[in-house]
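Please consult the sequence and the structure shown below while reading it.

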Amino acid sequence: MSDITQPTATTAEPALSGKIIFTLAAGAGLSVASIYYSQPMLGIMGGNLQASTTSVGLIPTLTQAGYALGILFLIPLGDRHDRRTIILLKSILLALALLLCGFVPGIHGLLVASLITGIGATLAQDIVPASAHLAPAAQRGKTVGTVMTGLLIGILLSRVVSGFVAEYFGWRVMYQLAAVSVALIGFALWRVLPRFTPDTRISYARLLHSMFGLWKNYKTLRHAALAQGLLSVAFSAFWSTLAIMLSDTYHLGSAVAGAFGLAGAAGALAAPLAGALADKKGPARVTQMGSALVMVSFAAMFLLPLLSPHAQLALIVASAIGFDLGIQATLVAHQTLVYGLEPAARGRLNALLFTVVFIGMSAGAALGSKALEAGGWTGVILLATVAAAAALLVRLLSRKS
């Protein structure tokens, strides 16, 4: 039985129960976490599967690529189909993909399963707008903020948990546990959510076509997507190669690599701070400040050869806190800019923005593994610094235009 007092999401609701809000937040966190579980485990996975650094680097690359494809081609379906049904079907798809990751014997099967995992993980991007639809107007901001907090916690804890589980129980166990968690939360969402009446009756083809029009008409959207995509290249290059670097250079296991994810706590704190700063300074100004912080944070790691091993690890942690804070602040500011363009098309605008973001994530994972193989950790840092500098340049030129 649903805790909602009326049968459809379009009927006015007096309030959302804490049970529903918690289930939505947990669903967002557990689904988006599926994208990041692999990153601290890459060193162990490569050794177990006897795969090269480049081949193992394709695991996060294809996961991010699947997420980008899912956002672009599947998220618009929420405008014309019952979102409750979409959430159920995606949770089944994601659980099966994670289960396949946990049992597939070779690297090639794992790469296919990783692509499907990324597609299914877009479940998170259906849950967030569902919370906005369900919440009364007076509680909408608070409700969406709570669900987004669950999503950020999922990103934060995914690397910590997967690193620990892989170290002591094996990387396949992590995928199997993830599959069970997604299946359970998918069933819980099906139980507590009402049916959603579609917002539009236009065809799927027209929905997609309208997205091309939005991209063409709004320069602000294109600048925001390009800048955030470049920052995503830097972000993904770092996180997709960190575990391998820590294993090769410092002989540290996946549990330690996962613990570096705690630096992502800064990102969870950045969202409300960036929003308040955008109100005072303007979102465009915040995008410049955030991009500059990312660039400086990565560039600081060029000093690593001058430090002792313990000081090197401390600098890597400090840099991770800095660039994560900058990236999250910039994302919030970019969303503020994009959502103000056409309120009736916020879902499609969001899909376009995040499609480019996860194209950047996918490219960063691929380029990061190649940079690590060709130039070591210095090559990765050079790639990340240049990408962040390019994002800052886009924001500075956008401001002038």
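Is H251 buried or exposed? In this predicted model, H251 is exposed, because its relative accessible area is 68%, which is over the 50% cut-off. The points below place H251 in its loop and then turn to Q50 and D82.

**Loop residues with positive phi**

- Most residues other than glycine have a negative phi.
- H251 has a positive phi, near 60 degrees, although this residue is not glycine.
- H251 belongs to the loop that links α10 (219-250) and α11 (254-259).
- Q50 likewise is a residue other than glycine with a positive phi, in this case near 55 degrees.
- Q50 sits in the loop between α2 (42-49) and α3.
- Q50 counts as exposed because its relative accessible area is 77%, over the cut-off of 50%.

**D82, a buried loop residue**

- D82 is located in the loop that runs between α3 (53-74) and α4 (83-103).
- The relative accessibility of D82 is 14%, so this residue counts as buried, the cut-off being under 20%.
- A polar atom of the D82 side chain lies 3.1 Å from the backbone nitrogen of R84.
- When neighbours within four places in sequence are left aside, D82 is in contact with R195, F196 and P198.

How values were computed. Residues are numbered from 1 along each chain as its sequence is written. This is a predicted model: local features need pLDDT of at least 70, side-chain atom pairs count only at pLDDT 80 or more; totals for chains, interfaces and linings use all residues. Side-chain values use heavy atoms; hydrogens and water are left out. Helices (H or I, at least four residues) and strands (E, at least two) are DSSP runs, numbered from the N terminus. Buried means under 20% relative accessible area, exposed over 50%, partly exposed in between (1.4 Å probe, protein chains only). A polar contact is a pair of N or O atoms within 3.5 Å; within protein, one must be able to donate a hydrogen and the other to accept it, and residues adjacent in sequence count only if both atoms are side-chain atoms. Contact means heavy atoms within 4.5 Å.
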